[in-house]
Amino acid sequence: MRTTIKIGVALAAVAALAGCGASSGDSKEPLAVVSGAASKPGTLLDAPFSKPRLTLTDTHGKPYDLVKETAGRPVLLFFGYTHCPDVCPTTMSDLAIAKSRLSKPDQEKLRVVFVSTDPARDTPQRLGSWLAAQDKDFIGLTGDFGTIQQAAKSVGVGIEKPVTEKDGSITVTHGAEVLAFWPKDDKGHVLYMSGTTSDEFAADLPKLIRSEAP
């Protein structure tokens, strides 16, 4: 029997995080549709996402064309921000640990791209130092928020403009998914939800690098 799971609905269950909201945007709209029960950490998408056509500023202050620079590479894409107290540093740490377990050639193939959802505070310099603490080869991108929001929406990730609260704190709401793009067609085939462990990523990465379903 064919079972359809609407990822956007599932994301609504992880909507409240202290200072780091995780949101699916409009939870009435499915972000991605998959068939079959999601029994594995990575969910294989029925309709793979195209890579966002996105040019932003990298950690060296240079323009970075995501489609051009990562063509033919396995890519893990995440939208987050450096002041995040929990989800973002945890996710980047898990990815760094998983990557470190790959062979050296596979490490050199993989591209991990972190796109800021808080570009006003995430300068190229701050992004660079923050990501280097995890993995010096992780790619950080920042720039116009509207451009970032549209790019995130194109791959089913909901993000909202940062809000300054009455006490001066800033709330940043963003999806917590990691989207994996295969090198053979540059399409996003696999979606990982928040909470995927480093062991689970480590088990899947070799297959993703070979453009295989985990």
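Mentor: Start from one residue in this predicted model. Leaving aside residues up to four places away in sequence, Leu76 touches Leu95, Leu110, Arg111, Val112, Val113, Val178, Leu179, Ala180, Leu205 and Leu208. Leu76 also belongs to the largest nonpolar core, which has 30 residues. Within that core, Leu76, Met92, Leu95, Phe114 and Leu208 are the residues with the most contacts. The elements that contribute two or more residues to the core are strand 7 (75-80), helix 3 (87-100), strand 8 (111-116), helix 5 (124-132), strand 12 (178-181), strand 13 (187-192) and helix 7 (198-209). Helix 3 gives the most, with six residues. Apart from this core lies another, of 23 residues, and among them are Leu66, Val115, Phe145 and Leu191. In soluble globular proteins, nonpolar side chains tend to be buried together.

Now the aromatic rings. The count of aromatic pairs comes to three. For Tyr192 and Phe201, the ring centres are 4.9 Å apart and the planes are at 50 degrees; planes under 30 degrees apart would count as stacked and over 60 as edge-to-face, so this pair is tilted. Tyr192 and Phe201 are both buried. Ring pairs also link Phe78, Phe114 and Trp130 into a cluster.

For the setting, take the chain as a whole. The protein chain has seven helices and 13 strands. Of its 214 residues, 47% count as buried. Among contacts between residues at least 6 apart in sequence, 68% join residues at least 24 apart.

Some of the residues that Leu76 touches, including Leu110, Arg111 and Val112, turn up again in the lining of the second largest pocket. That pocket has a volume of about 200 Å³. Its lining also includes Lys99, Lys104, Gln107, Glu108, Asp135, Lys136, Asp137 and Phe138. Helix 4 (104-109) and strand 8 each supply at least two residues of this lining, and helix 4 gives the most, with three. By class, the lining has three nonpolar, one polar and seven charged residues.

How values were computed. Residues are numbered from 1 along each chain as its sequence is written. This is a predicted model: local features need pLDDT of at least 70, side-chain atom pairs count only at pLDDT 80 or more; totals for chains, interfaces and linings use all residues. Side-chain values use heavy atoms; hydrogens and water are left out. A nonpolar core is a set of buried Ala, Val, Leu, Ile, Met, Phe, Trp, Tyr and Cys residues joined through side-chain atoms within 4.5 Å. Buried means under 20% relative accessible area, exposed over 50%, partly exposed in between (1.4 Å probe, protein chains only). Helices (H or I, at least four residues) and strands (E, at least two) are DSSP runs, numbered from the N terminus. Contact means heavy atoms within 4.5 Å. Rings of Phe, Tyr and Trp (its six-membered ring) pair if their centres lie within 6.5 Å; planes under 30 degrees apart count as stacked, over 60 as edge-to-face and the rest as tilted. On a 1 Å grid over the protein atoms alone, a cavity is a set of points where a 1.4 Å probe fits but cannot get out, and a pocket is an open set with protein on both sides within 12 Å along at least five of seven lines; lining residues have an atom within 4 Å of a point. Grid points are joined across faces, edges and corners, and a volume is the space filled by probe spheres set on the points. Ala, Val, Leu, Ile, Met, Phe, Trp, Tyr, Cys and Pro count as nonpolar, Asp, Glu, Lys and Arg as charged, and the others, Gly among them, as polar.
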